[in-house]
Amino acid sequence: MKDDEFIQDIHTRFTSIINEIHSLGEIIPRNKLVRKILSVLPGSWEIKVNAFMEAKDLQKLTIDELIGNLKTYEMKKKKDHERREPQKEKNLVLKADNSDSSGDDADMTYLTRRF
């Protein structure tokens with residue numbers, strides 16, 4: 001899995017590969033599939049992988065449960081990242097033209113508003 005990939009992308013690719021292997025007659029145990037998914041996650045997922053290894057019974061964990069949990073974690077990571085990222089300040093400058101003025105630059109009014 002690449003750092004910029006989503007869990008759904010890896011799940012789709014993984015399922016395709018597993019289906020091809022299954023069509024060739026090989027059956028891979030569920031716990032081995034779960035461990036394989038956990039092993040291909042990038043380093044930024046290390047905390048989550050360790051938590052799974054310690055807390056979950058990988059013999060009973062289904063791929064759907066794993067993927068659902070990973071998607072939830074992915075959404076939380078994204079939300080936390082967006083919250084920490086400073087929002088860029090936007091300024092809007094409006095130029096007001098007084099038609100009854102003499103046209104001097106001193107008579108021009110500039111308005112600034114922050115968003």
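User: Which residues have the most contacts inside the largest nonpolar core, and how many residues does this core have?

Analyst: This is a predicted model, in which local features need pLDDT of at least 70 and side-chain atom pairs count only at pLDDT 80 or more, while totals for chains, interfaces and linings use all residues. Residues are numbered from 1 along each chain as its sequence is written, and side-chain values use heavy atoms, leaving out hydrogens and water. The largest nonpolar core has 18 residues, and L38, L66 and L70 have the most contacts inside it. Such a core is a set of buried Ala, Val, Leu, Ile, Met, Phe, Trp, Tyr and Cys residues joined through side-chain atoms within 4.5 Å, where buried means under 20% relative accessible area, exposed over 50% and partly exposed in between (1.4 Å probe, protein chains only).

User: Why are α2 and α4 called roughly parallel?

Analyst: Their axes, lines fitted to C-alpha atoms over the stretch in contact, with angles from 0 to 180 degrees between N-to-C directions, cross at roughly 25° and come within 9 Å. Angles under 35 degrees count as roughly parallel, over 145 as roughly antiparallel, 65 to 115 as roughly perpendicular and the rest as oblique, and α2 and α4 are therefore roughly parallel to each other.

User: What makes the buried residues of α3 line one face of the helix?

Analyst: The buried residues of α3 are K48, V49 and F52. Seen down the helix axis, they fall within an arc of 100°, so they line one face of α3; the arc is that of the directions from the helix axis to the C-beta atoms. The face turned away from this buried side carries the exposed residues I47, E54 and A55.

Note on methods:
Helices (H or I, at least four residues) and strands (E, at least two) are DSSP runs, numbered from the N terminus.
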